[in-house]
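Q: I have a model open and want to learn how to read it. Can we go through it feature by feature?

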Amino acid sequence: MAENILNLNEQELRDKYGKLYTVAIDIDVDDATTEHREYLFKKPTVVSFDRFVKRVSTSAYKAAEDFVKDSIIDEQMQSIKADIEDFPAIVLTINEKLTNMLGLAKDVSVKKF
């Protein structure tokens, strides 16, 4: 997992961050080109999510960007910053996955009985 991304020891990363999650994205640059990116994230904290919720009404994109940056491991911060400059919409894609990890679901059903 992590060795492919960072060439670091997987156990060292787990010791430093605890449980880690790989988020893989395929970006369609044009009809003939797809770029693959992988990032390692810590599970988002409730405090970070609280900041996201408070900021989302003033700037949804900036709130999502900060939430993503709060959750990525330090070793990949520069990489994601560069990718956000090239592909700004990846923030929204990653943000969705991170909020899902905290329980935000797309499908919720209610049944009266």
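Q: Is the crossing of α4 and α6 left-handed or right-handed?
A: Keep in mind that this is a predicted model. The crossing of α4 with α6 is left-handed.

Q: At roughly what angle do the axes of helix α4 and helix α6 cross?
A: They cross at roughly 65 degrees. The two axes come within 9 Å. Helix α4 covers residues 60-71, and helix α6 covers residues 90-101.

Q: Which residues in α4 and α6 meet?
A: From α4 come Tyr61, Ala64, Glu65, Phe67, Val68 and Ser71. Their partners in α6 are Val91, Leu92, Ile94, Asn95, Leu98 and Thr99. Sorted by class, the contact has eight nonpolar residues, three polar and one charged.

Q: Which residues of α4 are buried?
A: Ala63, Ala64, Glu65, Phe67, Val68 and Ser71 are buried. Their cover includes β2 (33-42), α3, α5 (77-86) and α6.

Q: Is Glu65 buried or exposed?
A: Buried means under 20% relative accessible area. Glu65 has 11%, so this residue counts as buried. Glu65 sits in helix α4. Leaving aside neighbours within four places in sequence, Glu65 is in contact with Ile84 and Val91.

Q: What span should the twelve residues of α4 have?
A: At 1.5 Å a residue, they should span 16 Å. The end C-alpha atoms of α4 are 17 Å apart, which agrees.

Q: Now the rings. How many aromatic pairs does the structure hold?
A: A pair of aromatic rings is described by the distance of the centres and the angle of the planes. The structure holds four aromatic pairs. Take Tyr39 and Phe41: the ring centres are 6.4 Å apart and the planes stand at 70 degrees, so this pair is edge-to-face. Tyr39 and Phe41 are both buried.

Q: Why is the pair of Phe49 and Phe67 edge-to-face?
A: Planes over 60 degrees apart count as edge-to-face. The planes of Phe49 and Phe67 are at 65 degrees, so the pair qualifies; the centres are 6.1 Å apart. This pair links distant parts of the chain. Phe49 lies in helix α3 (residues 46-56) and Phe67 in helix α4, 18 residues apart.

Q: What is the relative accessible area of Phe49?
A: Phe49 has 27% and is partly exposed. Phe67, at 1% relative accessibility, counts as buried.

Q: Which residues do ring pairs link into a cluster?
A: Phe49, Phe52 and Phe67.

How values were computed. Residues are numbered from 1 along each chain as its sequence is written. This is a predicted model: local features need pLDDT of at least 70, side-chain atom pairs count only at pLDDT 80 or more; totals for chains, interfaces and linings use all residues. Side-chain values use heavy atoms; hydrogens and water are left out. Axes are lines fitted to C-alpha atoms, for helices over the stretch in contact, and angles run from 0 to 180 degrees between N-to-C directions. Helices (H or I, at least four residues) and strands (E, at least two) are DSSP runs, numbered from the N terminus. A crossing is left-handed if the near helix is turned anticlockwise from the far one by less than a right angle, and right-handed if clockwise. Contact means heavy atoms within 4.5 Å. Ala, Val, Leu, Ile, Met, Phe, Trp, Tyr, Cys and Pro count as nonpolar, Asp, Glu, Lys and Arg as charged, and the others, Gly among them, as polar. Rings of Phe, Tyr and Trp (its six-membered ring) pair if their centres lie within 6.5 Å; planes under 30 degrees apart count as stacked, over 60 as edge-to-face and the rest as tilted. Buried means under 20% relative accessible area, exposed over 50%, partly exposed in between (1.4 Å probe, protein chains only). The expected span of a helix is 1.5 Å times one less than its number of residues.
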